[in-house]
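Try each task by yourself, then read the solution.

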Amino acid sequence: MSGTKTFGAPVTGWSPPPRPGTDPLRGSFVTLEALDADIHAADLHRANSVEDGIWDYLPYGPFASAASYHRWVRDITKAGDPHFWAIRNVDTGHCGGVASYLRISPENGSIEVGHINFAAELQKTRAATEAIFLMMQWAFENGYRRFEWKCDALNYGSRRAAQRFGFSFEGVFRQATIYKGRNRDTAWFACIDQEWPALKEAYQAWFAETNFDQNGQQIESLAALTGLVRVADDPVL
């Protein structure tokens with residue numbers, strides 16, 4: 001209506017949350033440890049060497065040698081943002097992947113999960129799901145209002161994963177960036193603090209032993225459980 005002004009809802013009783021620290025995030029299947037080249041690089045390079053395809057949608061890699069990967073880890077962890085975690089499997093003791101917080105904006109209560117790189121040994125496991133859950137849990141339970149996921153719009157695996165994990169689709173930014181000499185349209189997903197209690201319940205229901213049969217196969221999918229919470233699904237999927 002002409003002449004009418006509208007504004008967003010007041011944000012009251014909220015203060016900027018802390019930035020991520022170095023204390024491990026511990027779960028039943030994985031422990032997330034602040035990435036350290038001397039501690040984690042060799043084991044991660046071992047895991048990553050099984051398949052070069054895991055680097056296809058990342059702006060770096062693959063790495064030809066353990067030494068080159070060590071240098072990359074050493075350099076990337078100096079920045080602070082992104083804040084990388086090494087994902088250590090509780091059962092095997094080995095590290096099978098990394099993920100990071102990035103675009104960390106405590107003043108706005110916004111934080112993104114990205115640089116997700118799961119080696120074959122971690123992919124499609126409860127451990128992989130728990131790694132994302134632990135990062136989401138830390139963000140919301142420390143006061144962040146918004147938890148983001150972004151990926152190449154052509155990376156349909158990542159888009160499916162975002163939706164499965166409970167992120168709502170928010171659109172595609174065309175020609176958002178260039179990496180490895182290629183255009184990238186970026187698909188945006190996010191979940192917000194108001195959705196966290198229901199998302200946490202969905203994860204807990206999925207992780208429950210009663211949700212898996214004697215062969216370890218899930219009975220109800222996480223995507224079905226988070227679908228009760230998501231406010232917008234990806235129209236491409």
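Buried means under 20% relative accessible area, exposed over 50%, and partly exposed in between, using a 1.4 Å probe and protein chains only. Helices (H or I, at least four residues) and strands (E, at least two) are DSSP runs, numbered from the N terminus. This is a predicted model, where local features need pLDDT of at least 70, side-chain atom pairs count only at pLDDT 80 or more, and totals for chains, interfaces and linings use all residues. Residues are numbered from 1 along each chain as its sequence is written, and side-chain values use heavy atoms, leaving out hydrogens and water.

**Exercise 1.** Find the buried residues of H1 and what they pack against.

*Solution.* Start with residues 37-48, which form H1. Ala37, His40, Ala41, Asp43, Leu44, His45, Ala47 and Asn48 are the buried ones. Next, look for contacts (heavy atoms within 4.5 Å): these residues pack against strands S2 (30-34), S3 (83-89) and S4 (95-105), plus helix H2 (66-76).

**Exercise 2.** Work out how H3 and H5 are oriented to each other.

*Solution.* First take the angle: H3 (residues 126-141) and H5 (residues 196-207) pack at about 155°, and their axes are 11 Å apart. Axes are lines fitted to C-alpha atoms over the stretch in contact, and angles run from 0 to 180 degrees between N-to-C directions. Now apply the cut-offs: under 35 degrees is roughly parallel, over 145 roughly antiparallel, 65 to 115 roughly perpendicular, and the rest oblique. So H3 and H5 are roughly antiparallel.

**Exercise 3.** Describe the surroundings of arginine 126.

*Solution.* Begin with its place, helix H3. Its relative accessible area is 23%, so arginine 126 is partly exposed. Leaving out residues up to four places away in sequence, arginine 126 touches Phe29, Trp206, Phe207, Glu209 and Phe212.
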